Amino acid sequence: MIGDWIDIGWVNEIPVRGSRTVPVVGGEEIAVFRTADGKVFALANRCPHKGGPLSQGIVHGHSVACPLHNWQIALATGEAQGEDKGCTPTIPVKISSGRVLLCRASTLKAAA
Amino acid sequence: MAAFFISGAERMDFQRHDSVGEEAAVDQAAARNLPHLVVIGNGMAGCRAVEELLARDAGRYRVTIFGAEPHVNYNRIMLSPVLAGEKTFDEIVINDRAWYADNCIELVVSDPVEKIDRDARTVTARSGRTVAYDRLLIATGSDPFIIPVPGRDLHGVISFRDMHDVDRMLAAAEAGRKMGGGDAVVIGGGLLGLEAAHGLTLRGMKVTVLHIMPTLMERQLDEAAAWLLKTALEGRGQTILTGADTAEIFGDGKVEGVRLKDGREIPASLVVMAVGIRPSVALARDCGLEVGRGIKVDNHMVTSDPSILAVGECVEHDGMVYGLVAPLWEMCRALADGLVEAPTGYRGSVTSTKLKVAGLDVFSAGDFSGGDGTEDIVLRDASRGIYKRVVLKEDRVVGAVLYGDTADGGWYFDLMRKAEDVADLRDMLIFGQAYASGGGRADPKAAVAALSDDAEICGCNGVSKGKVVAAIEGGACSLDAVRATCKASASCGSCTGLVETLLALTLGDDVETGPKTMCKCTSFTHDDVRREIVAQGMRSIPEAMQKLHWSTPDGCSSCRPALNYYLLCALPGEYEDDQQSRFVNERLHANIQKDGTYSVVPRMWGGLTSPRELRAIADVVEKFNAPMVKVTGGQRLDIFGIRKEDLPAVWADLNAAGMVSGHAYGKALRTVKTCVGSEWCRFGTQDSTGLGVQIEKMTWGSWMPHKFKIAVSGCPRNCAEATIKDFGVVCVDSGYELHIGGNGGIKVRATDFLCKVETDREAMDMCAAFIQLYREEARYLERTAPWVERVGLDHVKSRIVDDEGNRKALTRRFLHSQSFSQDDPWAERAAGADRQLHHPMAEFQPMTAVAAE
């Protein structure tokens, strides 16, 4: 419980070029990604196309390829790239002393 | 048709052994009393001139070509890609032996002409062979310039001019590799030198380029582009020394290094001299032809002797000597027009240059030295490494230098050659054709459509847009077909995009696509990447991306799984599988479904099962509330609707009943489908279920380029549908018929018959060898059906049926690889491995977050 931010665990619990999930009771699951350059991103775990679990996709650069139909989603914005159109909600995230913190308000919004 | 191949030393053999029919054909041509055209030089100019002549009037001359090298006509400018390992020699052959035969051309190889007797109208070759001519064509090209420094004769000092030089460089790189590296010095930082340096770097040598001028490629690039190029080459591990003046090459009998005039010494076991070329004029000068810097010719390529012509790099026309390929095409057209007495005349050439180094796009054309009355338009984008400069004079393009993005090179070159007034385009000119002619973001197709018919598409082979379109309209419906028909894009490949656009424009949707780059992250094809991984002994994905100049930091969802597979296949037991480069199914060892749940298929060997297995499956279905169970096409049971979190527990239960992963999710061996065979069936000829189980036990767990299905049928009634599988066995009374390359998917393909064997042991060995050949040679995500169609059944047969040694080696490699791959991935996960893959990091409830343990 750290005010506006929710502590979900250590950065190194997320595999590099991989992701972990954070289920939200009564809401939409969140996927937390860690890229090769050490950045962490959080998005709703749902592709804007057919709802595929983005957390299970291949992470490359600052994008993830949806495992269902290979849509490429930008991790920073949630926007589908290339010809595809659609956007997945993003959740502000920050790292503090090696801990991953999600923005409480945005997470709650996802839960609402 | 007759073939006439005579090497000087073999000439007597030819006369003794060759068939009457062939001699008769020569005699026939002579008997028809055709004038005799003798060509000195079997290179690009000589043969192109003959091609142009044949295209106009094939029956006008009897043709004899003398070549100094032992080869047929090949594309000399493609030696760089051969050195770099991007092409094989066969791929750069322009005219193969059949061409000479079909056109009744007598080819004399390995026998350079040494004397021309103009009075007697004869030429005499080194072997003593003397031939009379009516018209003589000198196409001797040029000789490499060797700088006169001490040590230039040492062993290990070579030029870069022909296939022999490439062979010597490859041998030096190989010798260096065995010693753990090897140092090479390339003297000359021009086009040729940089291509040599690039090739040697790719072959694993540590390369230093010595260039006497202050900037690289100073004749083609301005200072800014040269700096970008130097930085890029240094980034690839080359050492570039500009302003480096060579004092001597030292070594005891064999080269050991190069000493510069400023005293620096650079170690080297190989020195490549690539400082320039000189027209090869000795023959012409010795027989008294008029010679300046080159052999002087008029507009019809006729020398000072009216019966002698000359063409290519050896000539001087209107005071100009050309060392590039493009002027050749124009010269040869003028020459052939003159030979058939429809003279047009050559008017000199404007030339452009492209550097053939993968991933480095450099283009230059015309005059960019600046000077009175010229204006520059410059675009720089430093972070993307793009530099464009167009030089104008009186509203006309007179020069262009492009670095990083050369797509518009052809357009600028076209504007320049036609001296078109560009005043109206000026504002948009630097942004390229799409903007300038279409306004805004015009369709790139429209830009190609707007090119004129005589715009040059392929600089390597001198093919215009009109010729490409004619080839496509004549039935060449794929990139490969265009390459084969008019040779456009068949050499360096930099115009591939243009040719593909022309295909699309001409045919609409009827285009057949050919080999492409692996993905947008690289300019290499699957085959290139794979070959380099093996050749350079790469051991990890980052290493491969680094060495092959990936354009993205960590690849994409297309290339990463492919690289992971190629490395896994190349280094069984050594390479550590990269889970993050696996598709979700292969990471979670189950098939993801559209709702994000998974389906689980345990292996049922040969389609056999037991009460114990069936009970365990039934228990799992009930325990985990699986909404559906289905019998699959591969004779097993598929349990649907399992949550990611439950997978380890499901597997633990299935493992407990003795079942392992069925790999129904992988680019891997899927099932071995069987019929009941001789054990039960009244028609069965062999124990097909038994053989199926044995084959599955041998092959399960192996990763492949794509999924792989096997079936064994007990008799030719073929109830197991073996003839639409990747590998199928049909049992007959006398043994086993083996079939390959079938597919029951989108495009149904029946198998090809591979061979028949007598014992089940042989069937197993053949199966292992075939799988390993497929694993080693097919591209990632290429099923056996398209692979077999691509390489041909004969290729597969030659590797595993006809060549017993190779078959055994393949089988051995497959079994070695299998010794590392038959661990059940489910058992590891069920025991707790990689549990983070299955469990959430934390759970969030509206007021708090709860760490998951």
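**Close-up views of a predicted two-chain model**

**View 1. Helix α16(B) passes helix α18(B) in a right-handed crossing.** The model is predicted. Helix α16 spans residues 465-473 of chain B, and helix α18 spans residues 496-507 of chain B. Their axes come within 10 Å and cross at roughly 50°. On the α16(B) side, the contact is made by B:K465, B:V468, B:V469, B:I472 and B:E473. B:V499, B:L502, B:L503, B:T506 and B:L507 of α18(B) complete it. By class, this contact has seven nonpolar, one polar and two charged residues.

**View 2. Five strands of chain B form an open, mixed sheet.** The order is β33-β34-β35-β36-β37. β33 (669-674) and β37 (752-757) of chain B stand at the edges. Each has a single partner strand, so one side of each is left without a neighbour in the sheet. Neighbouring strands are turned by 15° against each other on average, direction ignored.

**View 3. Strands β34 and β35 of chain B run parallel.** Four bridges join β34 (residues 708-713) to β35 (residues 727-732). B:I710 stands opposite B:F727 in β35(B).

**View 4. Helix α25 of chain B lies across β33, β34 and β35 of chain B.** The helix covers residues 688-699 and runs at about 170° to β33(B).

**View 5. Chain A meets chain B.** Here 35 residues of chain A are in contact with 25 residues of chain B. β1 (5-10), β2 (18-22), β5 (58-60) and α1 (104-111) of chain A each supply at least two residues of the chain A side. By class, that side has 19 nonpolar, 11 polar and five charged residues.

Notes:
Residues are numbered from 1 along each chain as its sequence is written. Chains are lettered from A and ligands numbered from 1 in the order in which they are written. This is a predicted model: local features need pLDDT of at least 70, side-chain atom pairs count only at pLDDT 80 or more; totals for chains, interfaces and linings use all residues. Two residues are in contact if their C-beta atoms, placed from the backbone, lie within 7 Å. Ala, Val, Leu, Ile, Met, Phe, Trp, Tyr, Cys and Pro count as nonpolar, Asp, Glu, Lys and Arg as charged, and the others, Gly among them, as polar. Axes are lines fitted to C-alpha atoms, for helices over the stretch in contact, and angles run from 0 to 180 degrees between N-to-C directions. A crossing is left-handed if the near helix is turned anticlockwise from the far one by less than a right angle, and right-handed if clockwise. Two strands pair if DSSP finds at least two bridges between them.
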